[in-house]
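Thanks for coming. I will go through one structure today, chain by chain, and then look at how the chains meet.

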Amino acid sequence: MATPAPRPAPPPGAAAATPAEAGLSPWREAWHVFRANKAAMLGLALLGVLVVGMVFGPAAYGIAPFDIVAAPFTEPFTDPKVWLGTDYLGRDVLAGVLIGGRATVLVGLAAATVAVSIGVTVGALAGYFGGWVDTALSRLTELFQVLPSLLFAMVLVTLFTPSLTMVVFAIGVVAWTGTARLARAEFMRLRQLEYTQAARAMGAGPLRLMLREILPNAMPPLIVSATLIVGAAILFEAGLSFLGLSDANVMSWGMMIGSNRRNILECWWAVTFPGVCIFATVLAVSLVGDGLNDAFNPKLHRR
Amino acid sequence: MLKTVGAVLRRLALAFGLVLAVLALNFTLIHAAPGDPAQVIAGEMGGADEAAMASIRKAYGLDRPLPEQFFTYIGRSLQGDLGQSYLYNKPVSELILDRLGPTILLVLTALLGAIVLGTLLGVLASRRPDSIFSGAVTVFSLIGYAMPVFWTGILLVILFGKVWPIMPIAGMRDVRMMGAGALANALDVLHHLVLPAVTLGLIYLAQYSRLARASMLEVLGSDYIRTARAKGLGDGAVTFKHALRNALIPIVTIAGLQFGNLISGAVLVETVFSWPGLGTLALDAILGRDYPTLLGVLTFSALLVIVANLLTDLSYRWIDPRLRGR
């Protein structure tokens, strides 16, 4: 009996070529692509540094951001006690920079959660049920799209109370339309696929189909869109607190810039450093978002 | 032709429906806000005594049943009556029309500059996607997106207010120009426009260059471009005549969709540069608790966005002949 001929060896280099062939789950595969993306890893590292600074910085530094610690308009790098200088009231800029990210990032994350929840719910119902449900929800989405989002958020915060909860709610209410459109398209596409039909034939109800069958497969693009919304929500929070429309008792980067607005020519440092922090945070989040986009949609990698 | 007219009429009807929905939302907001609607309309200026409140209730029909109030409100608004500002003691519509010009000037300058320059940068970057220039466009678009617009403005104010004072950093006109001629005045406004328009335009420049690059790369990979090249057409003709026309479609779409964001950005930019537009009007209205003016600005900006969306929709039909019948 002849022994079967050995299978031809795979060409060198092909063995470890794609992670998919190595039998990885889609999530691990995405992580592999993400990890190879230098810009995305840089964003992740930057984000890590910023978060560590926000979490441990204020306690380590020990000076409260609203306290008046030195003469107003102390220039940066001149007095070792107030290393980044003081603002027009004599408050320590470094103390504000360290703690000011907490409100900005927490509000950004919470508002993005609200926005994504509204968006996914509206989009899922419109895409899954179609018909008049779709028409009604699409018109609703259009209504929220024509309202200039910052102005609408300003109106909401002004008419109700300017607390952090209200700011979160206001940003969430104005930022969900993009996610809704995306979720609608995904649900429309996935509900027609065979695996969904099969689940329906086995007796799964609409709720189960939407949550257990369709949603998991719609996740990758939704996660990318959620990351982008976090970046936008952080910029939103900064804008609202710059205008003085956030909680006046919570220090934030936008508020530091806003409260020193009248004195920018006398103390550039009090507006420059918090601005650098907002910029770095949004940049880090969008680099991570771009990395996730490439990782989840390898076909679009060239973009 | 008839089909096109029908499509346009349908779009107009939908746009009108949206206007009604915006008004209905405003009405809901006034009544959902904590406190008496008359108080909301009078603003919390403290100056409104019982007699003034009674006259507001009567003028707005607030003593009437809710559905009747609703229809009165919609009817008045559709006739252009957006109420009375108690802060400026003027009709809101008059205040808005005064401030409309500066905002439109700012927004359109920024938008057109960003589209033209951004498309150009994107097209140039797409011709050699791996070059340093192309990489620079990508980095620039990331930076432009992440800069908070009010901060960019402030940095420019510091630069041109302190370091290199060749540009005015606040307002729209120089008071010393009062007696000068029309041309000198126009030039003065343009001079004041430079920094606000650059600030607002930069974010969109960043986005359009990225979008144009991606869109061009996609189009340049398609079969009809290969055909055009095979016919022996030059690089310039292929890029600008064949590819760009198709690549423009997503750019125009985004430009239309972003008009609302542009107005939001203008609110911040106007605040930084004390530009006398709708944004500063809205902020002053907030600080003065002048709710009719604030809601009027919201309504009117929504109207601007609806008009911009309509124009975008029509310009599609012009760019893309395949859509003309729909």
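Predicted model: local features only at pLDDT ≥ 70, side-chain atom pairs only at ≥ 80, totals over all residues.

Chain A has 303 residues, and 46% of them are buried. Take the contacts in chain A with a separation of 6 or more: 69% of those are between residues 24 or more positions apart.

Now to pairs of helices. Two packed helices are described by the angle between their axes and the distance between the axes. I have two pairs to show.

The crossing of helix 1 and helix 11 of chain A is right-handed. Which residues make the contact between them? From helix 1 of chain A they are A:Ala30, A:Val33 and A:Phe34, and from helix 11 of chain A they are A:Gly291, A:Leu292, A:Asp294, A:Ala295 and A:Phe296. Sorted by class, this contact between helix 1 and helix 11 of chain A has six nonpolar residues, one polar and one charged.

The second pair is helix 5, residues 149–159, and helix 6, residues 164–174, again in chain A; here the axes come within 9 Å and cross at roughly 145°. The crossing of helix 5 and helix 6 of chain A is right-handed. Helix 5 of chain A brings A:Ser149, A:Phe152, A:Ala153, A:Leu156 and A:Val157 to the contact, while helix 6 of chain A brings A:Met166, A:Val167, A:Ala170, A:Ile171, A:Val173 and A:Val174. By class, the contact of helix 5 with helix 6 of chain A holds 10 nonpolar residues, one polar and no charged ones.

Let us stay with helix 6 of chain A for a moment. Its buried residues are A:Val167, A:Val168, A:Ala170, A:Ile171, A:Gly172 and A:Val174. What do the buried residues of helix 6 of chain A pack against? They pack against helix 3, helix 4 (131–146), helix 5 and helix 9 (206–242) of chain A.

Leaving out neighbours within four places in sequence, A:Ala153 is in contact with A:Ala170, A:Ile171, A:Val174, A:Phe236 and A:Leu240. A:Ala153 also comes up in the largest nonpolar core, which has 166 residues. The members of that core that touch the most other members are A:Leu151, A:Ala153, A:Met154, A:Ile171, A:Ala233, B:Ala282 and B:Val297. Helix 3 of chain A, residues 93–129, gives the largest share of this core, 19 residues.

One loop residue before we leave chain A. A:Asn260 sits in the loop between helix 10 (253–259) and helix 11 of chain A. Is A:Asn260 buried or exposed? A:Asn260 has 24 C-beta neighbours inside 10 Å, so it counts as buried. Not counting residues up to four places away in sequence, A:Asn260 touches A:Asp87, A:Tyr88, A:Cys267, A:Ala270 and A:Val271.

On to chain B. Chain B has 13 helices and two strands. Its C-alpha atoms fill a box of roughly 80 × 60 × 40 Å along the principal axes. Of the 326 residues in chain B, 40% are buried.

Two backbone angles in chain B deserve a look. Most residues other than glycine have a negative phi. B:Asn89 has a positive phi, near 55°, and is not a glycine. B:Asn89 lies in the loop between strand 1 (84–85) and strand 2 (90–91) of chain B. With 7 other C-beta atoms within 10 Å, B:Asn89 is exposed. B:Ser274 also has a positive phi, about 45°. B:Ser274 is in the loop between helix 11 and helix 12 of chain B. B:Ser274 counts as partly exposed because it has 14 C-beta neighbours inside 10 Å.

Last, the place where the chains meet. Here 40 residues of chain B are in contact with 33 residues of chain A. On the chain B side, helix 13 gives the most, with nine residues. That side of chain B divides into 32 nonpolar residues, seven polar and one charged.

That is the end of the tour.

Definitions and conventions: Residues numbered from 1 in each chain as written. Chains lettered and ligands numbered in written order. Contact = placed C-beta atoms within 7 Å. Helix = DSSP H or I, 4+ residues; strand = E, 2+ residues; numbered from the N terminus. Nonpolar A, V, L, I, M, F, W, Y, C, P; charged D, E, K, R; others polar. Axes fitted to C-alpha atoms, helices over the stretch in contact; angles between N-to-C directions. Left-handed = near helix turned anticlockwise from the far one by under 90°. Buried ≥ 20, exposed ≤ 12 C-beta atoms within 10 Å, placed from the backbone. Core = buried A, V, L, I, M, F, W, Y, C linked by C-beta atoms within 7 Å.
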